[in-house]
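The points are grouped by topic.

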Amino acid sequence: MLLRIEDLWVRYGGIAALSGISIDVPEGETVLLVGANGAGKSSTINAIIGLVPARKGRILFQGTDLTQIPCERRARLGIGYSPEGRRVFPTMSVTDNVLSGAFGLGRKRQTEALEWLRSVFPLLIDRDKQPAGQLSGGQQQVVALARAMASFPKLLLLDEPFLGLAPVWIKQIGDAILHLRARGTTVLMTEQMARPALKLATSGYVLRGGEIRRGGPVDAIRDVALADEYL
Amino acid sequence: MDQFIQAALIGISLGAQYALLALGFTLIFGILGVVNFSHGGFYMLGGYVAYSCVAFLGLPYPLAVLVAVAATAALGWVFELFLLERLVDDHLATLMLTLGLYLVISTGLLTVFGPLSMEFAFPAKGALHMGPIYVPRENLIVLAVCLAAIAALWLVLYRTDLGRGLRALADDRTVAMAQGLRPKLLFPLAFAIATGLAGLTGALVTPILSLSPGVGDPVLATSFLTVILGGLGSLEGAALAAFVVGIVEAFSSVYFGGSIGALVLFVLVLLLLVFRPTGLLGRTVRGA
Amino acid sequence: MRIKLLGWTEVAALLLLACGFVVPVFTRSVLVYSVLNQAFVGVIAAESVWIMLRMNLLSFATPAFMAIGGYTVAIAGQYNITDAFLMTAAAFLVPALVAVPLGALVLRLRGTYFVLVTFVLSQIMQLLIFETPGLTGGSNGISGVAAVTLFGTEMGTNRLVLEYACGLAMVATLITGVLTRYFRQHFAAIEENEILAESLGLVVWRYKALGFVVAAGVAGLAGYSLVNMLLTAHPSSFDSSTAVDFIAYTIIGGRLSILGPVLGTGALVYATNLFGTHGQYAQGLYGVLILVVVLAARGGIAGTIAALWRRVS
């Protein structure tokens, strides 16, 4: 198991965001967390990358408990992160955004990463010098995805990659995720829009009110996930 | 006409000095979110370190300038790492810490060197005569070094991994940390670069102007003026505004005399702060 | 809900200041009078800083508003207007009125910008004084300001000047105390979390503007007291660098209660005078103490005393 979350609790002030969830992410799979706004999807991702502290429970990444490691050291263990709302570095060029994801890896690895990502996303060549803040939402999502992949992570965390995107971009981002999966990258993604996301995932969990309602292979959760989408 | 060109040259050379100061100041604000009230202190310190190296150790002036840069950068690094870093998210506390440091530096220099001006002369004398225009050699050297330092800073920020990391932290600290960028490593470096630039300016400029405790006060005021004009945290804005301030100052002192130029600039800055806090270039920068 | 106009800290501060009236019974030392006069001016100025600090705003504008208050009185003196009540009111109201439009504009901005605006303001005021010699006497200032008259008595002797300064400090403390007590919860909410206070429906900028206006008036009283002590309005009295002293008094004294600026000013003015003719070295002491307070003793002198008291009892 690449990532195993055991009985994770997260609170914001007095409000419980996660009440004891357990999640398994096997190597090479794409695991989906679905649920409405406030169900605890982003809280799970934030707890893994370290932006919110875990009140209780363990987050085991390759056997190491992440809750004992400060945020800025977690990425180094092999975790790539694309935040909710993309949050590219707005004043930095597209290329610098991508390379910032490979900070401190040395020029050789950085060039390698950049060349590979440019072959996957030609957009990175067309817009290489443009400040990322000037791009459209879909373009920014590509940059955020490339930035997260630039360190060749073992686990990729994608928080709401389709949020606010036009269908054509949802298709493109989806294809990119499938491409990464084919390369062997393990993905944990959250999505409010269950329908396109279910096409990408191998297994998933439906969250509601900070608890897991159902988990298992994609086919086993499809009906609950789609029912939730219309709530 | 000659007077006009003369004033323009003075303005550009002032602008280059102000740019070095303002770039450091805005770098610290953009990356750490800290308003550095000790900036003038590092300028003074740079001057005194260079002076001491020349007067007491007999070092050649260029070497003394390098020592001044190293000393001010080192002090900045230590101050950030051990004091500022603990409270780096508290705007008011960091501001008071830098204010405290400024008082300590200026009183320290006063205690060691006394209240009088130092005899610290720029080693290169004479002037270049281009037709009727007369340019002191020392101003040209200072201008050249300042421009070289600005270019070097630009290379570091826009062409190296370190610079990329610093700009990422300035743009979005949370996401940058989640990418694995470590503020505890990079913040002291950013602060050291900025204070080193202030020290460099002090070492270069105080032999031409003057070196006494208290020369840091106007430096702080000018840095403020410049970075507000340029938009807090914006590097391009600070560089541009520095030349605007330098040129306005030079022309108003040649044509009006007195402090009218400064008054106009300050009022302009006040209006800008109130109505357009993003500065002249109007880019959205880090929320202050 | 009954709102208390004054708490025990305000009463303690007033009683402490009132000791100034008793001092002339024991001594006629010119030095003691001079130190006390400086302290009374400093207390008022520090209270002006403290009002804004209650809302997490650091103001460098105190010397600017002190100048407005001080020059108002000096100019009125040239027209033989010296009545104590009239002058006190003018020294408070003129700077406060100037602060109204400024405050309304400036206080929509966030904290860091406020610091910068106030810094720029005091620089502008300095330059304005030099550029308007017709009104302010420029770099010469206005000397020979007529002594104030209270109920027809000219407050000319050293002792009367001291008692008048003491009275002004108490007036300023009363104004500051009543303001910060009355709006205690509003100010505390803004200090705690401005964004949250705003989202809970508090019109934050309005309270900040009110604080700014009253702080400007209080600073005006400090300027008045200073001019009255020196019988001169001079630009060097209102140098923008003196803002740092008042900030130091307040932070080192402690920002938690009004006893902070009072005790801080008393302690630092006293300490500065220990340096004798080398007063400029006192700034180093201020610097070290600011570092210590910010890093280790957030409550300052007043807060530390209170903490020790709690431990004992």
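In this predicted model, the lining of the largest cavity draws at least two residues from each of α1 (2-32), β2 (133-136) and α5 (137-159) of chain B. The largest share of that lining, 5 residues, is supplied by α1(B). The cavity has a volume of about 100 Å³, and the structure holds 5 cavities of 30 Å³ or more.

**Largest cavity**

- The lining includes Gln6(B), Leu9(B), Ile10(B), Ile12(B) and Ser13(B).
- Also among the lining residues of the largest cavity are Tyr134(B), Val135(B), Pro136(B), Asn139(B), Leu140(B) and Leu143(B).
- By class, the lining of the largest cavity comprises 8 nonpolar residues, 3 polar residues and no charged residues.

**Second largest cavity**

- A volume of about 70 Å³ is computed for the second largest cavity.
- Its lining residues include Val73(C), Gly77(C), Ile81(C), Thr82(C) and Met87(C), together with Val145(C), Ala146(C), Ala147(C) and Val148(C); Tyr224(C) and Asn228(C) also belong to the lining.
- The lining of the second largest cavity divides into 8 nonpolar and 3 polar residues, with no charged residues.

**Interface of chain C and chain B**

- The contact involves 39 residues of chain C and 40 residues of chain B.
- About 3,600 Å² is buried between chain C and chain B, and 82% of this area lies on carbon and sulfur atoms.
- The interface of chain C and chain B has 1 salt bridge. Asp90(B) and Arg298(C) form a salt bridge in which the closest N and O atoms are 3.3 Å apart.
- Between chain C and chain B there are 2 residue pairs in polar contact, with both residues at pLDDT 80 or more.
- On the side of chain C that touches chain B, two or more residues come from each of α4 (84-106), α5 (111-131), α11 (242-253) and α13 (282-295) of chain C. Of these elements, α5(C) gives the most, with 13 residues.
- That side of chain C consists of 27 nonpolar, 8 polar and 4 charged residues.

**Second largest pocket**

- The second largest pocket has a volume of about 690 Å³.
- Of the 32 residues that line this pocket, those nearest its centre are Asp90(B), His91(B), Leu92(B), Asn56(C) and Gly111(C). Asp90(B) is also the salt-bridge partner of Arg298(C).
- Two or more lining residues come from α4 (91-113) of chain B, and likewise from α5, α8 (184-192) and α9 (194-199) of chain C.
- The lining of the second largest pocket has 14 nonpolar, 7 polar and 11 charged residues.

**Interface of chain A and chain B**

- In this contact, 23 residues of chain A meet 22 residues of chain B.
- Chain A and chain B bury about 2,100 Å² between them, with 56% of it on carbon and sulfur atoms. Glu72(A), Phe89(A) and Phe103(A) account for 32% of the area that chain A buries against chain B, more than any other three residues.
- The interface of chain A and chain B has 3 salt bridges. Asp172(B) and Arg87(A) form a salt bridge through their side chains, with an N to O distance of 2.9 Å.
- There are 6 residue pairs in polar contact across the interface of chain A and chain B, with both residues at pLDDT 80 or more.
- The side of chain A that touches chain B takes at least two residues from each of α2 (71-74), α3 (94-100) and α4 (107-120) of chain A.
- By class, this side of chain A has 12 nonpolar, 5 polar and 6 charged residues.

Methods:
Residues are numbered from 1 along each chain as its sequence is written. Chains are lettered from A and ligands numbered from 1 in the order in which they are written. Side-chain values use heavy atoms; hydrogens and water are left out. Contact means heavy atoms within 4.5 Å. Buried area is the accessible area (1.4 Å probe) that two parts lose on being put together, summed over both. A salt bridge is a side-chain nitrogen of Lys or Arg within 4 Å of a carboxyl oxygen of Asp or Glu. A polar contact is a pair of N or O atoms within 3.5 Å; within protein, one must be able to donate a hydrogen and the other to accept it, and residues adjacent in sequence count only if both atoms are side-chain atoms. Helices (H or I, at least four residues) and strands (E, at least two) are DSSP runs, numbered from the N terminus. Ala, Val, Leu, Ile, Met, Phe, Trp, Tyr, Cys and Pro count as nonpolar, Asp, Glu, Lys and Arg as charged, and the others, Gly among them, as polar. On a 1 Å grid over the protein atoms alone, a cavity is a set of points where a 1.4 Å probe fits but cannot get out, and a pocket is an open set with protein on both sides within 12 Å along at least five of seven lines; lining residues have an atom within 4 Å of a point. Grid points are joined across faces, edges and corners, and a volume is the space filled by probe spheres set on the points.
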